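Colleague: Can you walk me through this model? I'll ask as we go.

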Amino acid sequence: MTKISRGLTRRKVLQTGMAGIIGTGVAPLVFSKGAWAQEFCNNPTGDTVTLGLNLPLTGTYAEEGADEQKAYELAIAHLNGEGDGGLIAVLAPTALKGNGILGKKVGYVSSDSQTKSDVARAGATRMIERDGAIMITGGSSSGEAIAVQGLCQEMGVIFMAGLTHSNDTTGKDKKRYGFRHFFNAYQSGVALGPILGEQYGTDRRAYHLTADYTWGWTQEESIKNATEALGWETVAAVRTPLGTTDYSQYLTPVLNSGADVLILNHYGLDMVNSLTQAVQFGMRDRQANGKDFQIVTPLISELMAKGAGESVKGIYGTSNWHWNLQDPGSIAFTKSFGAAYGSPPSQAAHTAYVQTLLYADAVERAGTFYPPEVIKALEGHEFEGMGNGPTLYRAEDHQCIKSVLVVQGNESPTSEFDVLNVVKEVDRETVTYDPAIFGGELGPAEPAPVC
Amino acid sequence: MSTFMSRNDLLLLIGFTIAVLTMPLWLAPFGAGYPDLLNRFAIFAIFAIGFNILFGLTGYLSFGHAAFFGVGSYAAVWSFKLLSMDALPALLFAVVISALFALLIGFLSLRRSGIYFSILTLAFAQMSYNLAYSVLTPITNGETGLQLTLRDPRVLDNALFEAGPGLPSPTLLGMPLQGFEAFYFCAALLIVAFFLAQRISGSPFGMMLKGIKSNQTRMHYTGFNTRPYTLAAFVISGMYAGLAGGMLAIVDPLVGAERMQWTASGEVVLMTILGGAGTLLGPVIGAWLIKYFENIFSAINDVILARFWSFLPDGVSDAMVQITSKFVGDGWFLTLGLVFVLIVIFLPGGVMEGVRRIADQFRPSRRSGRPANQARPHPRPAE
Amino acid sequence: MFDVIFLQFLNGLDKGAAYALIALGLTLVFGTLGVVNFAHGALFMLGAFCAVAMRMLLTLETVTLDPEKLSPWGTPLEVREPLMQAWLGDFGAVLVNYSVPVSLLLTIPIMLLVGIALERGIIKHFYKRPHAEQILVTFGLAIVAQEVIKSIFGPNPLPQPMPVELRGAADIGAWLGMQANVITYPLWRLIYFLFSAILIGGVFAFLQFTTFGMVVRAGMADRETVGLLGINIDRRFTIMFGLAAVVAGMAGVMYTPILPPNYHMGMDFLVLSFVVVVVGGMGSLPGAVAAGFLLGILQSFASMNEIKAIIPGIDQIIIYLVAVLILLVRPRGLMGRRGVMEA
């Protein structure tokens, strides 16, 4: 059998059937706009361009996934010039015109990743191979993000990560084709440390419960470093499998362990369950070592705070963004999202929306969908207006560097969405770090010969 | 020829070979002609064929076969990481390691039969899954899944070639294995697997297994020790699962522990029963049906449904969209469950029995000539 | 150290109560009907969703838009008026607060009907078919049940709040006259333990002290002879299946404040409950209860850091490990009768 060339050619093969399968490697070369006359994976030739949304619609992070989906649909509507335009007018500098991307109408396909890395990867493959997605985005777990990002690097398709907070995503597992707007565990530690010191003193004994996967491990490490720098002691760090529902056997040993702070390195339903159960165990009414027992949730979102209800009041954590911020970008986004769906957006929705716009903007600036040029346009790009103040897409590790919020569970919420208060905005100079500390290699930008 | 293979068997094999090799053609109109799904068709067909060697022939219902599948995948990826990106050593490792694993689990589990055997396999598989998900993280990379990195040693490859930029992808003797190349590789393995299953089923060994299924006690009385035969069937079936797992790792070199979970074991049971346990083609058809539904049926949304029902008056078509949307898209599993229940109740021989019954309708003359025991193959597990 | 071990023991009892309760129903069905019911987890899940449905009914609201006031995102503010409080005043508020226990009233008839319909409709045709086919058909039914629930209630868990008075922890140490604030345990989990104990005791008393129970026990021992005596044992067995469904459903209802119900919780519990049943001995009711508590306690202790430091990962596999050992060494289980399913 003659070897056939790949990528777009293969889709042609599907259309023309057997002729293509046993056919020659001569494929009609499709020339994209400008000088980049290369073929690359899923080069959009019609008048539409398809984005692939990989969302956990079931499983531990399902609520985040559902909120992300709303945000993507909103972002795509805004890119196509529908609705109120949202943040398109606020992004600065901007190349967006509200007529799609490079004049092509934006469409999307989606896949339920079930909060499982394996499934996420299969879904991404399907969207790239079957549906011709030019870019993959979404995901609400770092496990998923790292798995899909690896695939995208192989396929030569850009991956705009959704909610992923592990240091590894832009650290040891970073990829040339992967970009992350969300902050990471290291930055959470830097931002949260001083507040914890202020509130709870420097003589504390902490007990960690940690979701047993890449994100949990890096967050545990980052928070441990930050708190131990304050003078805290770490009593124990216990790993719990992702998706655990009954935490009682992990919580019982905390009671008389000599710890006076419980740090929950959980997210999504894990956090809702572990936090409510910890409160049921009476941990917030306890005294230990002559101090009030405290619970800390280093990464928290309003969706989880809503799920945990009463339990979250007064608890400290960090967030990427909050709808109550008063800058023009945040106000515009909250208004746009609230008008469409009747509730304020979560931080997951925000990062999903922003990532979509940033990708579209980068393509417009590059003038082509050709991934190496889009990557160049994103690397080192400095922008503002998206709700996090001035932001830099760092070239070295594809991590957005921007301010981080320290939040606290609202003691007297005025509505079911008003569950978190922003305590402090930590500016981006403070949370900037040397990309070299996490190692990793981005890999080449040349698109893979295959797709 | 007749000493080697009966004419019917040969025709079946040839027909099967042609059907598999032309899959990209005849599946394209159904929207399933893309390599990722075709690969899965081949891989899960092998998995189901292997499962059927145990369940279909001996009647032992294992609820833990996903463990061998997962072990095969992990073995293949480790072969990629440590040795070479070539598919052959990866598959060799996958099959050998899953065989060892199956030997151990089979040796213990086969000391019991019936439901106890099912629970034992289930318990072993869940232990494997839970360990892979937690303390075995250094080997399995836990939830994130085991994947290739730039820092992998790849001893053989690095000794032979200059490493290219970026992550390498699996090859077969230097030829890249992706897209349709990968499919034809999988298809070739599927045909070989089918051929072997055909040979096993027709051999004296296969006869012995069927004897165990119909009446193990009687086999004992005739002086046979059945344990070595069932254990051999268990190991062969585990090797098939390992092979399939290794192949899945070749078409996509990432392994998550989820593929070892008991629901994954349940899926292969569904495939085999749906198609027809104890038949050669049945498990293949079951695997294809389930994978097709999972990938295509699940993608049907309200817009497509509205178009489908648009010939009806407005109100009625809206109602039909409402009703049918519960059964497609996210709800495809509901359809699968219903179909499965109906099949177990009314058609215990699966799709294959349905096909045969329909065929018999059209051939009334030959119906009476058919031996009674073939008219209704009833899976009778050993109790 | 005493307090740590005592707490862990308490946690084991609490987990064990849940295991024992769900295994009890499974054993009732196997012991009476000889059916291996893979849909038993689904019955537990259906019970939990009875509580969800009940709460939804109790918390119906009227929503009016107030165009005068705006939400932070600029749409008219929604004003919600809870119906139950509007109709029944304080009593309505009490009903809402106690929605979980109140929904037991709804659950009992519903689960009884579900159980009887299931037995008459499908299970009864499988008495004479092999165990493998019983497993397959009930497994299929379990899939159907969970998918129906998913399409009605959605894929996400729906947290069910416990009554306000019963939140928080009970100071057991102080009750027992020890130092306060050392041995504390969530109040609702204690209630669940008591509830399980009462339910289990009730089932045993029912089988032990009523004529009905006597006949059923006789039927379990020798179905044919009881039939020959002219007793319609089939109808009683149907009722037993309904009863098993009720027990599973009630267990599910009371578990909702501990674990927000979702559509796949049945499958999650299913494997575990089978393991409990085989450890206890297929068909043995006291065995199922004893094994439930034993495994609960073992799992709780295996999760202690001191134990995990010696055998890493033991907390993840202890239950399966015990099941494998029992099946290999003593296949009739802890309390199974000799000859029942022994092979």
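Colleague: How much of chain A is buried?
Modeller: Of its 451 residues, 65% are buried. A residue is called buried if 20 or more other C-beta atoms lie within 10 Å of its own, exposed if 12 or fewer, and partly exposed in between, with C-beta atoms placed from the backbone. Bear in mind that this is a predicted model, in which local features need pLDDT of at least 70 and side-chain atom pairs count only at pLDDT 80 or more, while totals for chains, interfaces and linings use all residues. Residues are numbered from 1 along each chain as its sequence is written, and chains are lettered from A and ligands numbered from 1 in the order in which they are written.

Colleague: What about the dimensions of chain A?
Modeller: The C-alpha trace of chain A spans about 80 × 45 × 35 Å along its principal axes.

Colleague: What is the strand order in the five-stranded sheet?
Modeller: The order is β2-β1-β3-β4-β5 in chain A, an open sheet with parallel pairing. Two strands pair if DSSP finds at least two bridges between them.

Colleague: Which strands are at the edges?
Modeller: β2 (105-112) and β5 (178-180) of chain A. Each has a single partner strand, so one side of each is left without a neighbour in the sheet. On average, neighbouring strands here are turned by 25 degrees against each other, direction ignored.

Colleague: What does helix α4 of chain A touch?
Modeller: Helix α4 (residues 117-129) packs on the sheet and touches β1 (48-55), β2 and β3 (135-138) of chain A. Its direction makes about 170 degrees with that of β1(A). Axes are lines fitted to C-alpha atoms, for helices over the stretch in contact, and angles run from 0 to 180 degrees between N-to-C directions. Contact means that the C-beta atoms of two residues, placed from the backbone, lie within 7 Å.

Colleague: How many bridges join β4 and β5 of chain A?
Modeller: Three, in the parallel sense, with β4 covering residues 158-161. Phe159(A) has Gly178(A) in β5(A) as its bridge partner.

Colleague: Moving on to β6(A). How many of its residues are buried?
Modeller: Six of seven, the strand being residues 205-211. β6(A) pairs in parallel with β7 (residues 233-240) over seven bridges, and with β8 (residues 261-265) over five bridges, also in the parallel sense. Thr210(A) has a bridge partner in each: Arg239(A) in β7(A) and Asn265(A) in β8(A).

Colleague: How does the chain get from β6(A) to β7(A)?
Modeller: Through helix α7 (residues 214-230), in a right-handed β-α-β crossover. Right-handed means that, with the strands pointing away from the viewer, the path from the first strand over the helix to the second runs clockwise.

Colleague: Which way do the residues of β12(A) point?
Modeller: Tyr316(A) and Thr318(A) point one way, Gly317(A) and Ser319(A) the other, and all are buried. β12(A) pairs in parallel with β11 (residues 294-299) over two bridges, and antiparallel with β16 (residues 404-409) over four bridges.

Colleague: OK, chain B. How many helices and strands?
Modeller: Chain B has 20 helices and four strands. Its radius of gyration is 22 Å, close to the 21 Å from the globule rule for 383 residues, so it is as compact as a globular protein of that length. Buried residues are 53% of the 383.

Colleague: How many residues of chain B and chain C are in their contact?
Modeller: 39 from chain B and 34 from chain C. α6(B) gives the largest share of the chain B side, 13 residues. That side has 24 nonpolar, ten polar and five charged residues. Nonpolar covers Ala, Val, Leu, Ile, Met, Phe, Trp, Tyr, Cys and Pro; charged covers Asp, Glu, Lys and Arg; the others, Gly among them, are polar.

Colleague: And how many come from chain C and chain A in theirs?
Modeller: 31 from chain C and 30 from chain A. On the chain C side, α1(C) supplies the largest share, six residues.

Conventions: Rg over C-alpha atoms; globule rule 2.2 N^0.38 Å.
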